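My entries follow the picture.

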Amino acid sequence: MIKDLTIEYRTNPTGLDTLPRFSWKLSGEKEHTLQTAYEIQVACGGRMVWDSGRVASEQSILIPYGGEPLQPFTRYQVMATSWDNHGEEASASGSFETGILQKENWTAPWIRADIPDTDRSPVVFEKIITVPEGTEGARLYLSACGIYEAKIDGKMVGDAFFAPGNTSYHHEIQYQTYDVTDLLPAGTHTLTLTVGNGWFRGYLGFAGQASHYGNFLAVSGMLRLLPKAGAASTLCLDADTKAFHGPIREAEFYFGETDDLTAERTPLGNAIPLKEEESAQIGDLISQQDEPVRVVEKRAAEAMFTTPEGDLVFDFGQNLAGIVEVVLPAVRKKTTLTIRHAETLDRDGNFYTENLRAAKSTDVVIFDSGDAGRRIHPHFTFHGFRYIAVSCDAPVTCENFTALALSTDMKRTGHFSCSAPLVNRLCENILWGQRSNFIDIPTDCPQRDERLGWTGDAQVFCSTAGFQYNTALFFEKWLRDMDSETTAKWGVPHVVPNVLGDQDGAAGWSDAAVIIPWEQYQMFGDRKMLEEAFPLMKKWVDWIRTKCGENHLWQQGFQYGDWLALDAPSADDRTGGTDKYLVANAFYANSLRIVRDAAEVLGREEESKEFGRRFEEVKSALQNEYITQTGRLVSETQTAAVLLLHFGLLPEKDHDRVLEILLQNLAAHRNHLTTGFLGTPYLCECLSENGAHDIASEVFFKEDFPGWLYAVKKGATTVWERWNSILEDGTFDTSGMNSLNHYAYGSIKHWLVSEVTGITPMEPAYRKSRIAPRLTKGMTYAEASLETPYGLLSCSWTCDQGEICVKVTVPANTTAVLTLPEREGEILLASGTYTYTYATKTDLHVARFSMDSTLGEVLAEPAAKQLFDQLVPGMLDNPMISFAYGMTLNELVVQAPQAKPIYEAVLKQLNQNS
């Protein structure tokens, strides 16, 4: 049986302007299933345009079309057939429809309203169209400078928000294709397009600047009518199109939207063509590249209350990005309803908006008695919020308000759960962080006056993002813009699209140009995407080379360092305590290694050798500069040790010492992290892969500051920008940079999946997987599942009451290598479901005493005193011992490493006694 036939990752796509590739999944009850052959047939109008014939191959993903040249605006039927090793045959059908294919096929002009540049209100464009009898199909192709919403006779066209999407508009601008057949029976109809400022003309960035791409709003559109017989006809938005101001009077992403339902339309005359200099600001038209932004969840208001300051507040129970739908209350006269948005309340229970900075995040509806019961929501803005404060003369209740969560509508693919409730809530927070910040591009935050495509945030999170959702198209689109924005002079920008202006690239941020394509390739096996990204990957490492000295190291210019790390020498330093150029060169070397490996995958042997040589060159230079002959580091921070260990940049002789540096640093901080944006993603993974999974678990499970579960314990429903965004006393970080919905630290989910449940790809797209779960103190159960390009891959384990049980599912047409906990050797698995149960003495319940217990807590037990007297006679007689009572055993070990076996023996006995 075949399921999930997709064409360029989509089901029956329309408006396709690329050579399509076909993928499917095999399913069925039989184990050890492998495809042995396939056939793909593509037809148009009953005529075969490509028949691959029966191809002996196991390939079932991303098989390229190989037939006649495709024609624009044409629907094609697809039939895929697969044969497997059990002698079974199965087929699945689908279709795709091409778009313009070439820009010459877009015949509509760009038009705008004849209004002064100072008029920033949304504009409505209106055209009367006539559909003749005998029309059996209609397609609407639209784009805009700004963001648009289309209606036919007052009915919405499509269900997307913020079309045509956020791109580097000077280079490329998307168009969308809509099947409007059902909205256009024979007769006369009214097509309207309302266009708001959006990313093209709106305010973007923390400098308060607007109109980054142009100070105008424009539209371009074609309607193709398909008769039962004869040639199609095309109607264009042109000079006959009327323009006016409608009920949406103001709309900005940062500031909100004002809708006046009582206002009369303000005529603006006929539309006019764009001026030549305006047209020059618009890039090439391309079809929609990824999934659109849609409402992905609706949440009713859960509570209504009045704050101590007198605000009427509604709580939706979840921090999210989106808008609020209002059922307008009954009124007797013209009334204004105002909604302000906030992520949290302050410690006194009052509405808190200081972290929004200049973003007003306020929506206003002006309405009259005839509007009672009408449902309305903003169209051209969004906010980051959990709470709203409502002002209205008429009484309102929870029933009047519904939160509409907005996000790029990617397919959910990955799930993780375990026996620890706080961890499950953390995983939900990570999921919501991605939802909230994947609004057409990967942004840093959804609430304040920023919401930009920061490359560093996306780079550290991309693996987790690709587990939770299918991000193939999402990142492919964004990488196109990254490539467009990259220059030989400035390198890769810090944000994409680049609205912050020219500045030199920075390590960890601009490395997104290398790391994201490689991670995407591992997850989805898309060789074409890697091929297209390879020039960008090379451009970045070649740009760094121009900044290096004779020692081959990058030691000049601005760097973010280990952004927001807690080990900075002063509170005002956001770059952390790790030498910024050590961080920069570690990422430089890592990117060179990746480019080397990518070149090898793509069959570029000479380039692979060259980048391999450069990698070894930089690695050696880094070792000479930042590592002493005895294995000490210039910066003996957690992040420095983690990057050098995880990226494989150490001399073999220094590996154990640097690992010990990391462990001692952690112990000195009571096994709490001090890492920032660039060290955190690798910390637990580095520990686990270097034989310290128990320490990784301790770090992860910390419930006090700093740690992942601290925010959860504080009631967070998303991941914070800072470890201490909300302080222990309930006050806030006052730096002016304090988002409560920032996904970067959510990268820890990759560790949960790849180490705790042990799922990693051995071959791209999980064609072959490694499954090596690790028993983790604090969990008696863990499970992860991932809908890979081949099907569902999963691993779950339990360890409780003297028994381990591991269950694994391997999708058809793939294999896996399984390593069981507490068992030697590897097991090669074909597709199927397997269960292994065996006895154990391991107890994963958290013990009462640990190395994080203070000496005073331990000595409060009489048995502990007896044990110390036996193991270290006279130790407790030392009058200075009382000064150590407040220190944890981990901290004491830093001072006296030789005492560790003694402490461990005492703890073991105490925990057995309890």
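**Helix crossing.** Before I start, a term: a crossing is called left-handed if the near helix is turned anticlockwise from the far one by less than a right angle. The model is a predicted one, and I keep that in mind throughout. I looked up helix α13 (residues 693–700) and helix α15 (residues 748–756), and their crossing is left-handed. Their axes are 13 Å apart and the angle between them is about 145°. I then asked which residues make the contact between α13 and α15. From α13 I noted H693, A696, S697 and F700, and from α15 I, in turn, noted I748, W751, L752 and V756.

**Aromatic cluster.** F700 and W751 turned up again when I went through the rings, as both belong to one aromatic cluster.

**Aromatic pairs.** How many aromatic pairs does the structure hold? I found 51. I picked F73 and Y141 to look at: their rings are edge-to-face, with 5.2 Å from centre to centre and 65° between the planes. F73 sits in the loop between β6 (63–64) and β7 (75–84), while Y141 belongs to strand β11 (residues 135–145), so this pair ties together parts 68 residues apart in sequence. Are these two buried or exposed? F73 has a relative accessibility of 16% and counts as buried, because the cut-off is under 20%. Y141 is buried too, at 0%.

My next pair was F438 and F474, whose planes are at 10° with the ring centres 4.4 Å apart, so I wrote it down as stacked. F438 is in strand β35 (residues 438–439) and F474 in helix α5 (residues 472–485), which makes this a link between distant parts of the chain, 36 residues apart. I checked burial here as well, and both F438 and F474 are buried.

**Charges over rings.** I noted two arginines here. R265 has its charged end over the ring of F244, 3.7 Å from the ring centre. For R435 the ring is that of W432, and the charged end sits 4.6 Å from its centre.

**Cysteines.** I looked for disulfides and found zero. C686 is in none: its nearest cysteine sulfur belongs to C684 and is 9.8 Å away, whereas a disulfide needs the two sulfurs within 2.5 Å. C686 is buried, with a relative accessible area of 0%. C44, on the other hand, is partly exposed at 23%.

Terms used:
Residues numbered from 1 in each chain as written. Predicted model: local features only at pLDDT ≥ 70, side-chain atom pairs only at ≥ 80, totals over all residues. Heavy atoms only, no water. Buried < 20%, exposed > 50% of the residue type's maximum accessible area, 1.4 Å probe, protein only. Phe/Tyr/Trp six-rings, centres within 6.5 Å; stacked < 30°, edge-to-face > 60°. Helix = DSSP H or I, 4+ residues; strand = E, 2+ residues; numbered from the N terminus. Lys NZ or Arg CZ within 6 Å of the ring centre and 35° of its normal. Axes fitted to C-alpha atoms, helices over the stretch in contact; angles between N-to-C directions. Contact = heavy atoms within 4.5 Å.
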